Amino acid sequence: MDVDWSSFTPIASLAGGVLIGVAAAVFVLFNGRIAGISGVLGGLFRPGKGELGWRVAFILGLVAAPLAYARFAALPRPRIDAGWGELVIAGLLVGLGTRYGSGCTSGHGVCGLSRLSPRSLAATVAFMAAGFVTVFVLRHLL
Amino acid sequence: MPVLTALLAGLVFGIGLVVSGMADPAKVLAFLDLAGRWDPSLALVMAGAIAVGLAAFAVARRRTTSWLGAPLRLPTSRHIDTRLVAGSVLFGIGWGIAGFCPGPALTALGMGEAKAAVFVLAMIAGMGVFELLDRRAP
């Protein structure tokens, strides 16, 4: 295995991970909910009574985060190599798949594993494996 | 109050995504590319998040209401079925194609990236397809 040590950002990634954990902690301890992004967003299609406010607020917070970040430090620009068609296909798969699978990287990966849920472990293994295989096929086989 | 704490949680979550590098699809794909020049950073994002999460959910598990008095809604299903695994596989394929999962896509949208906007629209459409199919199912 060829590890790209020059791109490895252990401190920033660990610190960012801790912030994500703190956000999930705030959300479960104050709102009593799992901080699963696909669930919070997808639940807007059929929001229950009193759910609209916090669902929209959480999503707004996620979208506004770069603005808050930019007040303290220079905002890094993401590099998006996928083409427009690939983005549409990927987006459709992510939207459909996370709703069928009842969660994504945050709901299953972070919250589910933190709850020691066997269901979330199965989901996380499935989407990680599919991600590894997809990148292998697209970058090294095709 | 629940709206304010939700906004705060979303903000901190998004800042965490930017700080950690998860909001950058190129970095996510470098993590998923085990056979290429592998960037292990994102394993540490999960480690940091789960370290805090373990403590938070240990507290939450013993409660029936949140600190604001809202009912504590933790999933109760323990059933591992085709729906869970097949859905997660579809998600993983999409994740591997673009390097975006739902949270980072929304945060990259907030960075003003047009490509993130297209991904988010397609993702919402995908969720809409689920609603249609799921509502029709018995």
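How many helices and how many strands are there in chain A? Chain A holds 6 helices and 1 strand, where helices (H or I, at least four residues) and strands (E, at least two) are DSSP runs numbered from the N terminus. The model is predicted, so that local features need pLDDT of at least 70 and side-chain atom pairs count only at pLDDT 80 or more, while totals for chains, interfaces and linings use all residues. Residues are numbered from 1 along each chain as its sequence is written, and chains are lettered from A and ligands numbered from 1 in the order in which they are written.

Along the sequence, the elements of chain A follow the pattern β-α-α-α-α-α-α. Its C-alpha atoms fill a box of roughly 50 × 40 × 35 Å along the principal axes. Of the 142 residues of chain A, 56% are buried; a residue is buried if 20 or more other C-beta atoms lie within 10 Å of its own, exposed if 12 or fewer, and partly exposed in between, with C-beta atoms placed from the backbone. Among contacts in chain A with a separation of 6 or more, 40% join residues 24 or more positions apart, two residues being in contact if their C-beta atoms, placed from the backbone, lie within 7 Å.

The contact between the chains takes 104 residues from chain A and 110 residues from chain B. On the side of chain A that touches chain B, the elements giving two or more residues are β1 (2-3), α1 (10-31), α2 (37-42), α3 (52-70), α4 (84-100), α5 (105-114) and α6 (118-141). The largest share, 21 residues, comes from α1(A). By class, this side comprises 68 nonpolar, 26 polar and 10 charged residues; Ala, Val, Leu, Ile, Met, Phe, Trp, Tyr, Cys and Pro count as nonpolar, Asp, Glu, Lys and Arg as charged, and the others, Gly among them, as polar.

β1(A) pairs with strand β1 (residues 37-38) of chain B in the parallel sense over 2 bridges, pairing requiring at least two bridges found by DSSP between the strands. Within this pairing, Asp2(A) stands opposite Arg37(B) in β1(B).

α4(A) packs against helix α6 (residues 114-136) of chain B at an angle of about 40°, with the axes 7 Å apart. Axes are lines fitted to C-alpha atoms, for helices over the stretch in contact, and angles run from 0 to 180 degrees between N-to-C directions. α4(A) is therefore oblique to α6(B), given that angles under 35 degrees count as roughly parallel, over 145 as roughly antiparallel, 65 to 115 as roughly perpendicular and the rest as oblique. The contact of α4(A) with α6(B) has 20 nonpolar, 3 polar and 2 charged residues.

Within chain A, α5(A) and α6(A) pack at about 150° with axes 8 Å apart, in a left-handed crossing. α5(A) is mostly covered, with 9 of its 10 residues buried. The cover of these buried residues includes α1, α2 and α6 of chain A together with α3 (41-61) and α5 (102-110) of chain B. After α5(A) comes Leu116(A), whose phi is positive, near 60°.

Gly32(A) lies in the loop between α1 and α2 of chain A. Gly32(A) is buried because 21 other C-beta atoms lie within 10 Å. Residues touched by Gly32(A) include Thr65(B), Ser66(B) and Arg73(B).

Definitions and conventions: A crossing is left-handed if the near helix is turned anticlockwise from the far one by less than a right angle, and right-handed if clockwise. Lists of a residue's contacts leave out its neighbours within four places in sequence.
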